[in-house]
Structures are given as structure tokens and as C-alpha cells.
Amino acid sequence: MCIVKCFHEIITIGYRVYHSYDLPWFRSLSWYFLLCVNYFFYGETVADYFGTFVQRREQLQFLIRYHRFISFALYLAGFCMFVLSLVKKHYRLQFYMFAWTHVTLLITVTQSHLVIQNLFEGMIWFLVPISSVICNDIAAYIFGFFFGRTPLIKLSPKKTWEGFIGGGFSTVLFGFVFSYFLAQHQYFVCPVEYNSETNRFVTECEPSELFQLKKYSVPLLLQAVLGWETVNMYPFQMHSIALSTFASLIGPFGGFFASGFKRAFKIKDFADTIPGHGGIMDRFDCQYLMATFVHVYITSFIRGPNPSKVLKQLLVLQPEQQLNVYRTLKSHLVEKGILRPSLRG
């Protein structure tokens with residue numbers, strides 16, 4: 001629902017700015033491309049996390065097996081319809097709107113797909129980043145209101161250096177403390193997985209090392225202040241510092257980008273969906289940038305091989321292929337000395 005509303009708000013600005021209401025097929029094509037891209041990304045998610053369930057349904061196997069081909073064929077149909085809709089006196093305007101639609105899809109749908117991917121890694125990877133952005137927005141406003149004197153950027157005249165710095169420190173502290181409370185609960189730290197036996201999602205697991213208390217030595221400089229030599233904390237709290245730092249230093253640039261966009265087209269807000277706050281996109285301008293960073297951070301520094309995903313892929317193989325995998329794995333374990341050569345399977 002959020003994706004659709006954000007897409008609608010941005011695409012409507014394009015219609016108004018370029019007076020494109022009379023362009024043939026274009027309003028229909030814009031929504032058609034949204035449908036195609038959503039079909040592709042949600043299909044990828046279904047294939048990744050519902051693979052075992054889908055393979056048990058013969059009517060769905062075809063859709064999953066040829067998902068990318070079907071998605072590409074759907075996009076090609078829209079592309080051909082666009083070319084056929086070109087009118088001599090509107091060439092440039094039609095290509096403007098074609099580009100506008102694709103950039104809007106890049107900003108909304110692809111970023112939203114990353115939000116969903118982050119959710120499946122564990123609720124904590126969603127709640128800490130999104131809360132950090134909200135905290136930074138509120139803290140920067142409070143510090144700017146009471147102490148703001150020095151303008152930060154011309155795109156947003158009300159933003160001040162005092163608010164930016166105060167909001168940054170507050171966000172890092174908030175993220176560190178909030179992470180400590182969330183890391184104590186399995187529901188927030190366990191990856192979301194689909195249980196094909198119970199036919200539902202589960203968040204039950206043995207928490208990884210990231211979410212197990214460890215003892216850390218306090219730096220000598222802080223020992224004199226705190227009076228502690230060691231402190232117990234979760235390793236994830238160290239990662240929360242990186243997430244909160246990004247939310248406070250780089251996250252606001254998503255808002256600055258949105259401000260520049262609105263100034264370019266001389267509008268105050270993307271829409272009037274939320275009275276006094278503008279549109280849905282006005283609330284999500286920083287969140288999309290944050291979602292991309294979290295996904296990149298997880299894939300670069302956190303995520304390792306996922307045994308459950310490997311097992312799901314093995315279960316959908318043909319029996320002969322499963323036996324080949326078994327023999328290869330067995331010989332590998334024997335070479336490593338983990339299994340004895342005489343072991344029979």
C-alpha cells in the first residue's frame with residue numbers, strides 16, 4: 001500500500017508538471033510498469049522464502065521456474081506498447097515521462113523490496129534503522145529549535161548545524177540503548193522463516209553470536225569516569241552505532257534531496273495525504289536511503305551461508321540430484337576427517 005501511494009504521489013507530480021494528461025496510454029502504462037516490477041520483486045521473494053511450499057503446488061511450479069522470463073516478457077509488452085503509443089508532436093514529452101516512470105520505480109519499488117529483505121533477516125534489522133531515522137528527525141528539530149543559530153544547507157533553510165550535531169549524538173545513543181532491549185527477545189533477533197509443516201512464519205532460533213551477551217573491556221579513559229573495568233553488552237550494539245551514525249549523518253540527505261526535488265517543481269509537499277505532514281513520500285524520503293544501506297551492510301558484514309536456504313534448495317531437487325549432492329558431501333567430510341571412511345549411508 002505504501003509503495004502504491006508513494007508511486008502515485010511522484011507520478012502525479014510528473015503528470016501535472018508536464019501537462020501529460022492527454023498523452024495516449026501513458027497513465028495506463030505507468031501503472032502497468034508498476035505492476036510488472038512488483039510482480040518481479042515479490043516473485044523473487046516468494047521463490048526465496050516459500051520455495052518448499054511452492055514446489056508442492058504443481059500449478060505454481062511453472063510460475064516460479066519461469067518467473068524471470070515471465071517478468072521480462074511482461075515488461076517487453078509494456079515497452080512495445082510505449083513505442084506504439086509515440087505521437088509525432090509529443091515525442092520529447094513522452095520520453096520525459098517514460099524516464100520519470102522508471103526513476104520513480106527505482107526510488108519506490110526497488111527500495112521497498114530491500115526493506116522486505118531486511119525484515120526477513122530479523123525484525124531488529126528493520127526496527128533499529130527505521131527508529132533511528134525517526135529519532136534523528138525529532139532530536140534534530142528539538143536541538144535546532146532551542147539552540148539552532150547556524151544554517152546547515154540552503155535547500156532547507158530551517159535546518160541548522162546545532163540541530164544536525166545534536167540529533168546525531170542523540171540518535172547514536174538511542175540506537176545503542178534501543179538495540180540492547182530488542183536483542184534480549186528472540187522474536188526480534190531471529191530471522192523470519194517459513195515453516196512448510198505448520199504453514200506459517202516462525203521466528204524461533206538459537207540467537208547468533210551477535211545477540212549473545214559478551215564482556216568487553218572499558219577503555220582506560222572511560223574507566224576513570226564510569227568506574228567500570230568491564231561491561232556486558234551485545235555485539236549487535238556495536239553494529240547499531242554504524243546504523244545510527246548513517247541515519248544521523250547520511251540519512252538527512254534523503255530529506256535534502258526531497259526538498260530539492262520539491263523546490264525544482266515549486267511544490268510544498270508531495271501530496272496532502274497526511275494533514276499537516278504532506279504525503280506518504282514526505283515521511284519516507286530518508287527511510288528509503290536507510291533501507292538500502294542496511295541491506296548493503298548486512299550482505300557485506302553480517303550475512304554468512306544460510307543452511308536453511310541451502311536445505312530448501314536441496315529438497316526441491318530430483319532424487320538423483322539429491323543423491324549426487326549426498327555422495328559429494330560425504331566424500332568431502334571423509335577427506336576432512338569428520339566422517340570415517342567405513343561409515344555407511
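Predicted model: local features only at pLDDT ≥ 70, side-chain atom pairs only at ≥ 80, totals over all residues.

**Entry 1: α5 and α6**

I started with the pair α5 and α6, whose axes come within 11 Å and cross at roughly 160°. Since angles over 145 degrees count as roughly antiparallel, I noted α5 as roughly antiparallel to α6. I also looked up the hand of this crossing, and α5 passes α6 in a right-handed one. From α5, the contact takes in Tyr75, Phe79, Phe82 and Ser85. Across from them, α6 brings Gln94, Phe95, Phe98 and His102. Sorted by class, the residues of the α5 and α6 contact are five nonpolar, three polar and no charged.

**Entry 2: Phe79**

Phe79 sits in helix α5, which covers residues 67-85. Leaving aside residues up to four places away in sequence, I found Phe79 touching Phe33 and Phe98.

**Entry 3: α2 and α6**

Next I turned to another partner of α6. How do α2 and α6 cross? Their axes come within 10 Å, at an angle of roughly 25°. That angle makes α2 roughly parallel to α6. I recorded the crossing of α2 and α6 as right-handed. The contact of α2 with α6 has 13 nonpolar, nine polar and one charged residues.

**Entry 4: α1**

Helix α1 spans residues 2-17, 16 residues in total. From first C-alpha to last, α1 reaches 23 Å, close to the 22 Å expected at 1.5 Å a residue. I listed the buried residues of α1, among them Ile3, Cys6, Phe7, Glu9, Ile10 and Tyr15. Which helices do the buried residues of α1 pack against? I found α2 (26-49), α6 (91-121), α12 (251-264) and α13 (280-302).

**Entry 5: α11 and α12**

From α12 I moved on to its packing with α11, the helix of residues 235-249. The axes of α11 and α12 are 3 Å apart, and the angle is about 25°. That makes α11 roughly parallel to α12. On the α11 side I noted Phe246, Ala247, Ser248 and Leu249, and on the α12 side Gly251, Pro252 and Phe253. By class, this contact of α11 with α12 holds five nonpolar, two polar and no charged residues.

**Entry 6: α15**

I checked helix α15 as well, with its 18 residues at 319-336. α15 reaches 26 Å between its first and last C-alpha, close to the 26 Å expected at 1.5 Å a residue. After α15 comes Gly337, with a positive phi near 85°.

**Entry 7: the whole chain**

Last, I stepped back to the overall numbers. I counted 15 helices and six strands in the protein chain. Its C-alpha trace spans about 80 × 70 × 35 Å along the principal axes. Of the 345 residues, 37% are buried. Among contacts with a separation of 6 or more, 66% join residues 24 or more positions apart.

Technical notes. Residues numbered from 1 in each chain as written. Heavy atoms only, no water. Helix = DSSP H or I, 4+ residues; strand = E, 2+ residues; numbered from the N terminus. Expected span 1.5 Å × (residues − 1). Buried < 20%, exposed > 50% of the residue type's maximum accessible area, 1.4 Å probe, protein only. Contact = heavy atoms within 4.5 Å. Axes fitted to C-alpha atoms, helices over the stretch in contact; angles between N-to-C directions. Parallel < 35°, antiparallel > 145°, perpendicular 65-115°, else oblique. Left-handed = near helix turned anticlockwise from the far one by under 90°. Nonpolar A, V, L, I, M, F, W, Y, C, P; charged D, E, K, R; others polar.
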